[in-house]
Amino acid sequence: MSSQDRLIWFKGALMPAAEAEVPVLSPTAQFGLNVFEGLRGYWNSARQDVFLFRMDDHLARLAASCRLIGIQSPYTTDQIAKAMREVLQANTYREDIAVRVTLFVDGEGTWSSIEPVDMFVAPIAKPRRDTAKTSGVRACISTWERIDDRNIPPRIKAGANYINGRYAHLEAQAAGYDLPILLDRSGKVSEGAGSCLMMVRDGVLVTPPVTASILESITRDTLLQLAAAMDFPIKTRVIDRTELYLASEVFLCGSAAEITPVTSVDRYTIGSGKIGPLTQRLLERYLAVASGQEDVGEAAWCAPVWQV
Ligand code: PMP
């Protein structure tokens with residue numbers, strides 16, 4: 001199915017993506033005035049279903065983003081969950097997918113408009129990665145500073161926040177790296193342009209705190225819980241730039257990134273220059289848990305699309 005033929009849920013109706021249009025003068029088009037969530041759905045062939053990973057937590061974060069950016073969703077959380085299932089079923093998806101849920105300020109207005117708010121839910125086909133062939137990325141520390149709670153709060157998942165990541169991403173690519181890592185305003189490690197960061201140092205899995213100008217990532221939370229359950233020591237603390245150069249493993253994580261190994265930072269090779277042992281174990285465990293193949297006693301983490 002081409003992306004244009006794919007059905008999306010747009011303002012209460014299912015329609016081909018090509019027919020879903022927002023006005024050019026809308027605040028979402030002009031100022032990026034929208035909040036969104038990016039979820040993954042994993043196909044589980046044994047259970048013949050697609051499981052949306054931590055759907056409730058994504059919808060709770062969407063509600064928090066609305067509250068902070070000053071808009072009200074015209075849809076309840078249950079209605080949004082129903083819209084997600086409807087659009088995935090309408091496309092007859094029985095495969096791994098990504099889903100984007102966006103609440104946007106529609107109509108004609110400006111950056112201070114608070115209404116009208118509407119929604120689209122767009123599925124995007126996303127084949128499963130081969131965990132045995134996961135290679136790493138070469139990262140650099142960006143000269144761009146991560147946005148901050150005193151100007152554009154990073155814990156809101158707003159479209160406009162991504163312009164900060166865009167600057168860092170373009171700079172990294174122009175300098176011959178794959179991805180940037182941003183520092184916060186105090187010069188400590190924050191996160192990637194669209195993912196959180198973790199490192200292994202002296203046998204401990206370390207990640208910056210939620211006050212380090214990061215998005216409160218659901219994958220980060222999942223991995224901290226999985227590592228703890230594997231009896232791997234974890235610590236949430238401030239990280240210095242040069243600690244990354246000395247780390248034995250570094251990886252980025254997020255719903256889209258899943259676990260992306262970082263094999264060098266500023267051309268300092270990390271560990272063996274290949275995916276590290278804990279990163280590999282966590283990646284396999286994460287995908288098994290997210291696709292409902294392994295149970296961690298968190299039934300609510302895997303929301304079925306078909307057999308509700
Ligand atoms: N930080 C940023 C800036 C992101 O865009 C994302 C992706 N949503 C993440 C972190 C990871 O968040 P999550 O694990 O909830 O997808």
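**Cysteines and cores**

Q: Why is C196 called buried?
A: This is a predicted model. C196 has a relative accessible area of 3%. Buried means under 20%. So C196 counts as buried.

Q: What makes C140 buried or exposed?
A: The relative accessibility of C140 is 5%. The cut-off for buried is under 20%, so C140 is buried.

Q: What is the nearest cysteine sulfur to C196, which is in no disulfide?
A: The nearest one is in C253, at 5.4 Å. A disulfide needs sulfur atoms within 2.5 Å, so C196 is in no disulfide.

Q: How many disulfides does the structure hold?
A: The count is 0.

Q: Which residues touch the most other members of the largest nonpolar core?
A: They are L52, M84, V101, M119 and V121, in a core of 32 residues. Elements giving two or more residues to this core include strand 3 (34-44), helix 2 (55-69) and strand 6 (117-125). Helix 3 gives the largest share, 6 residues.

Q: What is M119 in contact with, beyond its neighbours within four places in sequence?
A: Among its contacts are W9, F10, Y75, I80, V101 and F104.

Q: Which residues does the second, separate core include?
A: This core has 28 residues, including L205, L282, A290 and C302.

How values were computed: Residues are numbered from 1 along each chain as its sequence is written. This is a predicted model: local features need pLDDT of at least 70, side-chain atom pairs count only at pLDDT 80 or more; totals for chains, interfaces and linings use all residues. Side-chain values use heavy atoms; hydrogens and water are left out. A nonpolar core is a set of buried Ala, Val, Leu, Ile, Met, Phe, Trp, Tyr and Cys residues joined through side-chain atoms within 4.5 Å. Buried means under 20% relative accessible area, exposed over 50%, partly exposed in between (1.4 Å probe, protein chains only). Helices (H or I, at least four residues) and strands (E, at least two) are DSSP runs, numbered from the N terminus. Contact means heavy atoms within 4.5 Å.
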